[in-house]
Amino acid sequence: MGNDYVAMWEKLNLDITAHDGLLAVLGNFYNDIYLSQEGRLKGMEYLDFVLSEVHGLRIKELQDAKQAGRKIVGTFCIFVPEEITLAADAIQVGLCAGAEIGKEAAEQVLPRNTCALIKSFVGFKLAKLCPYIESCDLVVGETTCDGKKKAYEIFRDYAPLYVMEIPQMKAASDKALLKTEFMRYLGEIERLTGKKITAEKLRAAIQVVNNRRKALQRLDSLRKATPSPISGRDALLIHQISFYDDPVRFTHQIGLLCDELEKRVADKQGVAPETAKRVMLSGCPMAVPNWKLPFVIESSGAVIVGEESCIGDRNIRDLVDESGATVEEMIDRLVDRYFQIDCAVFTPNEERLDHIVRMAKDMKADGVIHYGLMFCQPYAMEVHKVSKRLETEGIPLLSIETDYSMEDVGQLKTRVEAFIEMLR
Ligand code: BJ8
């Protein structure tokens, strides 16, 4: 990324020196983890380009959109309905952060024993590192885990924040709460943009987001093939970029990539030998540039065939029923869809266990690696049930807890290699 963007970053009030540091880390990481892979798909050139311009061209596009009167909405959770945001002609971007570069700043306001994802987004804001946060007209938080919920109370001193209440159980009253919250959000977005959300606009937005989900479903279903035609690292990157890129353009590009993948599958061409062990990831979301564990797994000779995670299957598995005629009917369909999300903040959360088993079987996974971010209680607690359930199904599990630092790479590699050896 050249210097052409420095003026734009200065205008966004980024700390240019610290931001240069972030881009350098990102660039080195990307070279080591991505560009070093052999036999990559031609279609990945688009993703490489988007990533190389993630703080450049895409931010420029957002600034141009703002100039043209559109609003930018940032989110941290897949519960925030992008369909409503798009229906008011606003742009939604994911703000979850996967780097520890703002950690020191974050630890001045947060307890040290906070999960890395929360520290990262707070740190990015306080250290003025993220052009996405700085571009936002509204940041939408949500009452999911306690860590995020309480961090927003601090975050709101630094950014225009709106918090959506998310239920924690799945009774009828919880569903009614989600509907009330979606209606409240609709009102908030209309106020922000000054635009009325009509049935026509909401229907079009539902189709745009559904089409992106369908493209990602197609991608993930091609990973059922043996040998797997795409690395887990590349597939994860595609899911990560889906939170930043223009949805229509992204969907088109993923369609082209899937055409290429289909050909590979037909030719029995894979990224790893047919005998490579197939591993499924499950657990906390992996935000850009959190590629540590996938790299460790795939450089140990296994191939990742699926992610049971919010940056993965949990975000794309369910579509919105497109049959609603009025705005209210469409909101009901949205609630039906979002209410199926089986995040570990729900109690009880048996559906997630069913999904993990179904997905592991579908993807022909030889084993599951459960990924928990250190200090993430919901996923750490749930791993006990995941482990018991997988044991009854005869599916081997390795549970890993880590953060964004690179200090434990050696130790992780030893554990992952032993697990893969055991699968053999
Ligand atoms: S729907 S998973 S995106 S809340 S890792 S911050 S849970 S302490 S991210 Fe999530 Fe929505 Fe659920 Fe998905 Fe807290 Fe855990 Fe940290 Fe987490």
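This is a predicted model: local features need pLDDT of at least 70, side-chain atom pairs count only at pLDDT 80 or more; totals for chains, interfaces and linings use all residues.
1. V163 sits in strand β4, which covers residues 161-164. Apart from neighbours within four places in sequence, V163 touches G141, E142, T143, Y152, R156, E181 and R184. P378 lies 215 residues away from V163 along the chain, and the C-alpha atoms of the two are separated by 20 Å.

2. Helix α3 (residues 44-52) and helix α12 (residues 232-241) form one of the helix pairs to look at: their axes come within 11 Å and cross at roughly 55°. That angle makes α3 oblique to α12. The crossing of the two is left-handed. On the α3 side the contact is made by M44, L47, V50 and L51, and on the α12 side by D234, L237, I238 and I241. By class, the residues of this contact of α3 with α12 are seven nonpolar, no polar and one charged.

3. A second pair is helix α11 (residues 199-222) with α16, where the axes are 9 Å apart and the packing angle is about 25°. The two helices, α11 and α16, are therefore roughly parallel to each other, since angles under 35 degrees fall in that class. The crossing of α11 and α16 is again a left-handed one. From α11 the contact uses A199, L202, R203, I206 and R213, while α16 supplies V327, M330, I331, L334, R337 and Y338. The residues of the contact of α11 with α16 split into eight nonpolar, no polar and three charged.

4. Does the length of helix α17 agree or disagree with its residue count? The helix runs over residues 350-362, and its 13 residues should span 18 Å at 1.5 Å a residue. The end C-alpha atoms of α17 are 18 Å apart, so the two values agree.

5. Which residues of α17 are buried? They are R352, L353, H355, I356, V357, M359 and A360. An α-helix has 3.6 residues a turn, so residues three or four places apart point the same way. The buried residues of α17 pack against β5 (278-283), β6 (303-308), α15 (313-316), β7 (367-373) and α18 (377-393).

6. Backbone points deserve a separate check. Most residues other than glycine have a negative phi, and most peptide bonds are trans. K364 is not a glycine, yet its phi is positive, at about 55°. This residue comes just after α17, and K364 belongs to the loop between α17 and β7. With a relative accessible area of 42%, K364 is partly exposed.

7. F375 also has a positive phi, of about 75°, without being a glycine. The loop that holds F375 is the one between β7 and α18. F375 has a relative accessible area of 45%, so F375 counts as partly exposed.

8. Where are the cis peptide bonds placed? The bond from V288 to P289 is cis, with omega near -5°, and P289 is located in the loop between β5 and α14 (292-298). The bond from T347 to P348 is cis as well, with omega near -15°. P348 belongs to the loop between α16 (327-338) and α17.

Conventions
Residues are numbered from 1 along each chain as its sequence is written. Side-chain values use heavy atoms; hydrogens and water are left out. Axes are lines fitted to C-alpha atoms, for helices over the stretch in contact, and angles run from 0 to 180 degrees between N-to-C directions. Helices (H or I, at least four residues) and strands (E, at least two) are DSSP runs, numbered from the N terminus. Angles under 35 degrees count as roughly parallel, over 145 as roughly antiparallel, 65 to 115 as roughly perpendicular and the rest as oblique. A crossing is left-handed if the near helix is turned anticlockwise from the far one by less than a right angle, and right-handed if clockwise. Contact means heavy atoms within 4.5 Å. Ala, Val, Leu, Ile, Met, Phe, Trp, Tyr, Cys and Pro count as nonpolar, Asp, Glu, Lys and Arg as charged, and the others, Gly among them, as polar. The expected span of a helix is 1.5 Å times one less than its number of residues. Buried means under 20% relative accessible area, exposed over 50%, partly exposed in between (1.4 Å probe, protein chains only).
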